[in-house]
Amino acid sequence: MEKTQNNKAWFLVLPVLVVVAFSAIIPLMTVVNYSVNDTFGNNEFFWAGLEWFEEMVTSDRLHEALGRQILFSAIILAIEVPLGIYIALNMPKKGVWASVCLVLMALPLLIPFNVVGTIWQIFGRVDIGLLGHYLAALGIDYNYTNDPVDAWITVVVMDVWHWTSLIALLCYAGLQSIPNAYYQAARVDQASRWAVFRYIELPKMQGVLLIAVLLRFMDSFMIYTEPFVVTGGGPGNSTTFLSIDLVKMAVGQFDLGPAAAFSIMYFLVILLVSWVFYTVMTNLDKEEGR
Amino acid sequence: MALELQSVSRVVKGQVHLHPTTLTLEKGTMNVLLGPTLSGKTSLMRVMAGLDVPTSGRVMWHGQDVTGQRVQDRKVAMVYQQFINYPAMSVYDNIASPLRLMGKSAAEIDRAVKSTAEMLKLTPMLGRKPLELSGGQQQRCALARALVKEAGLVLLDEPLANLDYKLREELRAEIPRIFEASGAIFVYATTEPEEALLLGGNTATLWEGRVTQFGPTPQVYRQPMDATTARVFSDPPMNFIDCRKTGHRISFGEAVNAPADGALAALPDGSYRAGFRANHLHLNVHSGTALEFRCTLGVTEITGSETFLHLSHGANRWVGLVHGVHDLSPGAEISLWLDPAHVYLFDPSGRLVVPAPYAMAA
Amino acid sequence: MAQITLKNLAHSYLPQPKGEGDYALKEMDHIWQNGGAYALLGSSGCGKTTLLNIISGLLRPSQGRVLFGDTDVTDAETAARNIAQVFQFPVVYDTMTVRDNLAFPLRNRGMEASYIKARVDQIAAMIGMEAMLDRKARGLTADAKQKISLGRGMVRQDVNAILFDEPLTVIDPHMKWELRTQLKQLHREFGHTMIYVTHDQTEALTFADKVVVMYDGRVVQMGTPEELFETPAHTFVGYFIGSPGMNLLPATVQGNRATVAGTEIPLAANYTPPRGRVQIGIRPEYATLTAGRGLPFTLRRVEDVGRHRIIRGEVAGQPVNVIAPEGMAVGTDLTHVSFAPDRISVYADDWRVTGGPI
């Protein structure tokens, strides 16, 4: 359906364009500038060309952080997506309990990130935290400050607690849009519960799931505040994910050049993945005949 | 005061939704767009309304070119198949909404709303919300909203399709009455030939994005210019049979012959396609010149006072509509009679060469 | 295949129904014969979909029992009743091909692959979709999707009943023809019990051997299309069947004469004056315009419907329609309308009254 041209629309968009230009594009240009120069930020620039990029691409430290990051994102998605779908399938669709569940699900999403980190940091402490204390009382050796595996587990569980609701709520919305006739037809066709899920619910949730996965992937790939507050990247550098590493480099070591180069590459990776998702989504829409 | 479409076409992403169409609709006329789904009725209406810009051609209103004009600037009203009303407003507010947008005074609005509601029998429902009403009442509300702004052009896109059969009949009987009172140009899209016949006025038959014929409804029905129009404007579908003219005879195969009289005599010899409507087949010899066809009966369908016979004659599948209740067994060989006065002759390309004599006499 | 019995069946959507008005389905006892082709006819909201869903098990009745053969299935789940149902809106499994869609019910019951293939091919030929069998179901037109729905409803051979809920609503008139005929043919070939819900009288009358007319949650008449047409038991049946419906005129009836607005007309049976609101009913097919015989008639409109003409007018302020043959001239000398006496029905408080012999 083509709409007749309405040029006034551009004026409404102009303020947004101006804000985005100032808050995003111009700073981005600054970063690009830093990435191809050697500088300590005191306005002295020495052309370095692609040197920083080469250094970053070959840096072991970056490879390790990248590896940890990918592992983290993969674990997160592998747990949160099925769990979110499962919760969405079992949330009540009508009545008072539906509203209660929706509110409960939304609560974790409303908490500021560093507060989340702080909650879990205290929660997990062996001396004063509820979780840490009871685990120790049960005889389990749990200490996220000096055991990398425990640190990982804490960070993963925290993220699952924080973000699974997002997937659950998105899937729930997707499920609501399925007309009752489909479920009725499935009953008539004597379809098993699994078949109903596979042939009716999953296809209808496809669009929302894709959005959910995209959002979670991007967020987890960029994750900074929560793990930083809980573990600071430690013990050692076992939970030093990409952005934590980047910040250490830029702010801690003041290696602006490599940090800028790193940022650019980081940005491009996320852009690429988002583009892939977007293309897949619009192709799915086209198939539906929309 | 007329709406003129000059060679208007619409092509979307390489697909032709509308072939170049020229059409003139006069003031105060009811015009029916008849055709199957996806034949171009909605595309044509949207171009008339100004919701879509035609790929080529011009739209003229009162002699002025309005092709690029936005629909908000034209005086057009449209009613859709799905009952579209503002759900949060009462029926009164719904009907008043276009007048409020036009900035009319409260007294004027009140008068116009009450008189339109009266015309559509909505007066007791003015205080309710649309979702509290039945389907028929919701559609009346949408109609009222379209009529109250006294637009010069009122477009109705299959407005009764989502209603019960009987409700459809009732509303359909009211539309000519409402239409006569308003004096605007009405354009009504439908897939059912019977609706076109009941509404009267003019009919444009559409097929695959093309207007095949446009004229007074009884004329398009009785004197179709080609086989496509005849097919679109028949329910049950028109029956066809191949025939040959040699000299003074037209042969319908299997020793069924008719003399080539009247207009048929002037035809060149050759192969033609004969078409006739289902209700012109009879189970008894009803006229001296009737042609007898031996057919095998498939299924019979009884509608209370009439019977549909599904027949096969050689490779042809026919439908016959006969009076009375006849419960005949499937597989039976029966004879049916057809008066040659009811036969339309088309050439192999589908163009009408000789209209049925009975239609010309009427 | 089984006989379906409804005993003392009633249904209310409210948890505490107080009066008759609270019931969507008023109490009924009904038997659907094994192998019959039935149509459930009525306007929106009359309870026909409610009844269908109770039979299929998608809805549990608030009162009464449903029996398939001798088995009480009131508490049984839909899947256990072994029925097929086709809904009004196309229900198609998007991720599967057309073939898999049609095969789905059979696969769920664990049928053999060769049987499934043969049956799917047969049904695909019937709905005219053999060419599209290996296409994905997503992205097809509403027409095609509904045909797939129909096909899926008919692919199982051993069902107890096949239920149709206004299945042809989204289909074009031309295609409706073919599908109706094929449904009828299917019934003749396989003899399933079929119940077809619709508000379209043509669909109901052409498909069914017996039509059940429902009004306001009640079964008002069950009979062959001919019976419903010639002897409607309720004014609603007279109104609902026939296009246009039956003409109803208030009258006083005594013996074998009826008086409408002062004019007497003959009847074909003897009636004792009925109690309540009395009306006579005559179908437009059996009314004729005359030059002086019958009731005074005011002409309003003549409509040309192609195969006949509908003449709309009034008798004593009441709307009356007359059906005249194609091409008949309607002159101004036709000032009266006459009714065939043996086709006049007498109604008291909307229910038909039978007269005695003259």
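Q: How far apart do the C-alpha centres of domain 1 and domain 2 of chain B lie?
A: They lie 37 Å apart. Domain 1 covers 2-232 and domain 2 covers 239-361, with bounds from an automatic or database domain assignment. This is a predicted model, in which local features need pLDDT of at least 70 and side-chain atom pairs count only at pLDDT 80 or more, while totals for chains, interfaces and linings use all residues. Residues are numbered from 1 along each chain as its sequence is written, and chains are lettered from A and ligands numbered from 1 in the order in which they are written.

Q: How many residues of those two domains are in contact?
A: Eight residues of domain 1 of chain B are in contact with nine residues of domain 2 of chain B, contact being C-beta atoms, placed from the backbone, within 7 Å.

Q: And what about chain C against chain B, how many residues does each give?
A: Chain C gives 31 residues and chain B gives 29 residues.

Q: Which element of chain C gives the most to that side?
A: H6(C) does, with six residues; helices here are DSSP runs of H or I with at least four residues, and strands are E runs with at least two, numbered from the N terminus.

Q: Changing topic, which residues of H4(C) meet H5(C)?
A: C:Ile123, C:Ala124 and C:Ile127 in H4(C) meet C:Lys147, C:Leu150, C:Gly151 and C:Met154 in H5(C).
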